[in-house]
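Please look at the protein shown below and work through its parts step by step.

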2 protein chains.
Amino acid sequence: MSSGESFVEVGRESDFPLANLPYGVFNTPENRKQRIGVAIGSLILDLSAVVDLFDGPLLHKDNFRDGHPFSQPTLNQFMSLGCDAWKEARSTLQKLLSTSEPTLRDNESLRKKAFAQQSQATMHLPAHIGDYTDFYSSKFHASNVGTMVHGKEKALSPSWLYLPTAYHSRASSVVISGTSIHRPNGQTKPDPNQPPVFEPCKKMDFELEMAFFIGPGSELGKPVSINDTSKHIFGMVLMNDWSARDIQAWEMAPLGPFLSKSVGTSISPWIVTMEALAPFLTDNFKQDLEPFPYLRHSDRYNFDINLQLELKGDDMPDSAVIVETNFKHVYWTMKQQLAHHTSNGCNLRPGDLMGSGTLSGPTDESRACLSEQSEMGKKDVDCGNGTKRVYLQDNDQLTIKGYCQNDKIRIGFGECTGKLLPAISYPFAKDST
Amino acid sequence: MSSGESFVEVGRESDFPLANLPYGVFNTPENRKQRIGVAIGSLILDLSAVVDLFDGPLLHKDNFRDGHPFSQPTLNQFMSLGCDAWKEARSTLQKLLSTSEPTLRDNESLRKKAFAQQSQATMHLPAHIGDYTDFYSSKFHASNVGTMVHGKEKALSPSWLYLPTAYHSRASSVVISGTSIHRPNGQTKPDPNQPPVFEPCKKMDFELEMAFFIGPGSELGKPVSINDTSKHIFGMVLMNDWSARDIQAWEMAPLGPFLSKSVGTSISPWIVTMEALAPFLTDNFKQDLEPFPYLRHSDRYNFDINLQLELKGDDMPDSAVIVETNFKHVYWTMKQQLAHHTSNGCNLRPGDLMGSGTLSGPTDESRACLSEQSEMGKKDVDCGNGTKRVYLQDNDQLTIKGYCQNDKIRIGFGECTGKLLPAISYPFAKDST
């Protein structure tokens with residue numbers, strides 16, 4: 001089925017062929033209610049309009065007297081059902097959308113009700129995110145940043161090669177692609193010999209990341225075995241973890257980044273499922289040390305996902321691709337991240353979000369944030385036509401794209417976009433510097 | 001009204017006189033539905049049973065066609081309504097419960113329906129906690145810990161006196177008082193010259209804290225002026241932020257504490273409102289530096305709240321009070337914490353939880369965690385009858401209590417309890433060390 005054709009027209013370069021079928025939450029001008037949809041070509045199949053067509057044993061409407069998972073305003077309930085239900089849904093959807101199946105194809109009134117144009121829809125966060133954790137799992141990124149801050153010999157923190165370093169981040173400020181972000185005000189210390197100042201951030205940066213959503217949760221006090229981790233991973237999105245580097249440098253000792261990271265974190269609206277990604281499994285990153293048994297798995301759980309970031313500034317006639325990287329450069333697998341996260345008994349909830357960390361690769365153009373490319377502001381990053389950046393400028397528009405391709409199929413993630421607006425004026429702090 | 005009498009019997013030492021009226025969420029064996037209640041003496045007034053008696057302009061049932069805030073399973077909706085609604089609710093409750101008011105007093109069938117015994121009730125988390133942030137706002141604590149780790153000269157991190165240091169913590173693992181916590185497994189490095197090990201935590205600790213709940217939220221990109229902060233603060237609870245010190249020491253560079261803090265965070269079930277706490281306002285902690293204008297306020301927003309922690313181990317005939325401190329030792333006020341948290345535009349949501357950090361005071365017995373009392377394991381902490389601790393032992397039972405008292409009234413927070421269970425066995429990592 002997965003390489004089959006849909007009766008919905010899908011262009012050769014579309015991110016959303018029948019082999020993909022990512023889930024999202026949308027509404028339309030005609031129907032303001034938020035509902036779950038699946039992207040196919042340039043359309044959205046509104047699952048709330050076809051709930052009755054899910055007739056498998058797990059998703060049959062008779063199982064859900066209090067409301068079907070596809071009639072909800074978020075994906076949390078569907079996420080919580082687990083792999084077997086996800087598989088059943090995918091199978092039903094691939095059948096319903098295939099050229100050979102008349103149910104939808106030949107029912108014009110149902111088609112009219114069930115399909116929306118992506119270009120007409122407003123996308124929303126696909127899930128209620130209970131907690132958002134950000135890992136730091138590219139060794140290239142951690143080494144580059146560590147070298148700039150601590151020198152080459154002490155680039156990686158002592159525990160980095162032993163465990164997937166991460167921090168709890170802020171869930172409230174995770175926003176859907178397209179949301180503009182204000183340059184934050186904050187305390188920084190531009191001159192090491194002078195007191196700090198409170199003013200608009202001068203070192204605003206992006207971080208090209210990906211993130212995965214948790215499916216079924218886990219109980220407090222019950223670690224998830226590495227062998228069971230994949231059952232808890234629903235799918236992936238693109239992510240831009242906006243970062244205020246000067247605020248970060250001043251605030252982060254000793255408890256880690258705080259306000260530098262809660263300015264906004266943008267995610268792409270379509271969650272590409274692990275089933276859709278299966279054809280793009282690739283070898284795990286070769287690890288320097290054999291990990292502890294609780295982090296050990298021999299099966300492949302790395303993915304070949306091409307990623308790029310485009311920047312378009314007011315001063316640029318065209319957008320410039322300034323990052324080209326791949327998810328596969330990640331050192332710690334998502335299985336290892338999840339096993340580590342729960343190894344202390346920390347509980348997970350459906351819809352929790354786990355970021356990869358900045359996905360830098362081995363080359364210069366794969367450095368996946370500006371501070372890494374500009375070596376913390378020391379080097380210009382060429383943006384074409386004589387334009388350049390060291391950090392982001394007001395009104396810079398960022399677009400992250402991602403796709404997987406093999407001989408047979410191509411699936412994509414759509415886009416994760418966001419614009420940096422000027423700092424808000426802060427009248428109640430005007431004499432602060 | 002606030003010093004008046006209730007027709008419900010309230011003992012002289014009760015935490016819950018008519019002047020308190022804290023909010024919580026409970027259910028009973030007779031009615032498993034989670035509902036909102038107010039503590040009075042040894043009883044709970046079930047607000048879902050008296051919704052119709054809230055006849056003020058803001059809480060009248062006609063305002064809430066989709067469900068009254070007091071008919072919800074959590075306090076989030078009520079929290080979101082803001083100070084005026086809170087004031088109206090308090091005024092209605094004080095009237096309904098007063099000796100002079102017959103409505104409830106003389107209606108036996110309504111009383112029977114509306115009151116439950118606290119001893120019969122099961123308490124639940126009072127709100128859905130969207131995000132949990134933990135501050136680090138006692139200078140005594142930060143100085144003591146900093147001195148042990150970095151020496152006296154570098155005890156406080158460079159930014160500590162300029163901003164209320166904090167980190168995003170884990171919301172999923174916040175649990176209600178009475179929930180037992182398993183000693184976590186984790187990576188630690190007991191011998192600096194040997195590789196790390198994965199085994200049960202050997203330095204399990206508590207942190208005596210308090211925390212406040214956010215009322216109305218704020219928008220992303222819209223800082224809350226210090227002058228408006230108190231409108232966003234609903235009330236306070238006791239908190240024990242369980243901490244795995246050896247896991248923390250190994251994992252926390254460079255991104256801060258992670259699994260050491262998501263083992264569990266216990267909170268007391270009754271939220272004491274800021275209105276109830278108003279009589280116990282006290283002078284703000286004298287700050288060493290004048291803060292930036294966005295953190296500056298001249299009004300008092302510190303509270304005189306007596307706090308203690310009792311420990312009862314299997315080896316102890318009696319429980320021992322090992323911490324006696326006071327909330328007023330906190331350096332940064334809750335107003336400053338909230339203004340700082342939103343200064344970058346980070347949005348708040350009703351029900352967000354903000355911890356104070358370990359509330360150590362100036363004296364030895366006010367050191368509010370074991371690692372501070374034992375100087376990181378170097379000194380025995382006397383627990384009476386020849387028993388002692390450096391860190392927690394399996395089955396140690398902790399009880400935090402808090403109360404405010406002046407010439408006229410005494411109000412309390414009830415208890416925040418929790419027991420440390422032995423580490424869960426970790427069969428899939430048995431050869432890890």
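What follows is a short tour of this structure, which is a predicted model.

## Domains of chain A

Start with the division of chain A. The domain assignment gives domain 1, residues 3-124, and domain 2, residues 132-421. An unreviewed entry puts "domain: Fumarylacetoacetase N-terminal" at residues 19-126 of chain A. The end C-alpha atoms of that span lie 20 Å apart. Its make-up is 30% helix and 19% strand. UniProt, again in an unreviewed entry, puts "domain: Fumarylacetoacetase-like C-terminal" at residues 137-414 of chain A. Here the end C-alpha atoms are 23 Å apart, and the span is 13% helix and 29% strand.

## Where the two domains meet

How far apart are the centres of domain 1 and domain 2 of chain A? Taken over C-alpha atoms, the separation is 29 Å. The two domains of chain A still touch: 29 residues of domain 1 are in contact with 23 residues of domain 2. The area buried between them is about 2100 Å². Carbon and sulfur atoms give 68% of that area. On the domain 1 side, D15(A), M79(A) and W86(A) lose the most area to domain 2 of chain A. Together these three account for 26% of what that side buries.

Charged and polar groups take part too. The rule finds one salt bridge across this domain interface. The side chains of D15(A) and R410(A) meet in a salt bridge, at 2.7 Å from N to O. Between the two domains of chain A, eight residue pairs are in polar contact. Several elements of domain 1 each supply at least two residues to the side that touches domain 2 of chain A. They are the strands β1 (23-27), β2 (35-40) and β5 (122-124), with the helices α1 (76-81) and α2 (83-97).

## Where the two chains meet

Now turn to the contact between chain A and chain B. Each chain has 67 residues in contact with the other. The table sets out both interfaces.

| Interface | Buried area | Share from carbon and sulfur atoms |
|---|---|---|
| Domain 1 of chain A and domain 2 of chain A | about 2100 Å² | 68% |
| Chain A and chain B | about 6200 Å² | 63% |

Which residues of chain A lose the most area to chain B? They are H168(A), L255(A) and F258(A), together 14% of what that side buries.

Four salt bridges cross the interface of chain A and chain B. The side chains of R170(A) and D352(B) meet in a salt bridge, with 2.7 Å from N to O. The rule also finds 27 residue pairs in polar contact across the interface of chain A and chain B. Elements of chain A that each supply at least two residues to this side include β7 (166-169), β10 (185-188), α6 (245-251) and α8 (334-342). Strand β7(A) gives the most, with four residues.

Chain A has an open sheet of five strands, in the order β9-β26-β25-β20-β21, with mixed pairing. Its edge strands are β9 (181-182) and β21 (320-326) of chain A, and each pairs on one side only. Strand β20 (306-312) of chain A pairs with β21(A) in the antiparallel sense, over six bridges. In this arrangement L307(A) stands opposite T325(A) in β21(A).

Chain B has an open sheet of five strands with the order β9-β26-β25-β20-β21, also with mixed pairing. Why is one side of β9 and of β21 in chain B left without a neighbour in the sheet? Both stand at the edges with a single partner strand each, so one side of each has no neighbour there. Strand β20 (306-312) of chain B pairs with β25 (397-405) of chain B, antiparallel, over seven bridges. The bridge partner of L307(B) in β25(B) is G402(B).

Finish with the backbone. A cis peptide bond joins A253(A) and P254(A), with omega about 0 degrees. P254(A) sits in the loop between α6 and β16 (265-267) of chain A. In chain B, a cis peptide bond joins A253(B) and P254(B), with omega about 0 degrees. P254(B) is in the loop between α6 (245-251) and β16 (265-267) of chain B.

M376(A) lies in the loop between α9 (370-373) and β23 (381-382) of chain A.

Note on methods
Residues are numbered from 1 along each chain as its sequence is written. Chains are lettered from A and ligands numbered from 1 in the order in which they are written. This is a predicted model: local features need pLDDT of at least 70, side-chain atom pairs count only at pLDDT 80 or more; totals for chains, interfaces and linings use all residues. Side-chain values use heavy atoms; hydrogens and water are left out. Two strands pair if DSSP finds at least two bridges between them. UniProt positions are given in the numbering used here, feature names are shortened, and annotations may be inferred rather than shown by experiment. Domain bounds come from an automatic or database domain assignment. Contact means heavy atoms within 4.5 Å. Buried area is the accessible area (1.4 Å probe) that two parts lose on being put together, summed over both. A polar contact is a pair of N or O atoms within 3.5 Å; within protein, one must be able to donate a hydrogen and the other to accept it, and residues adjacent in sequence count only if both atoms are side-chain atoms.
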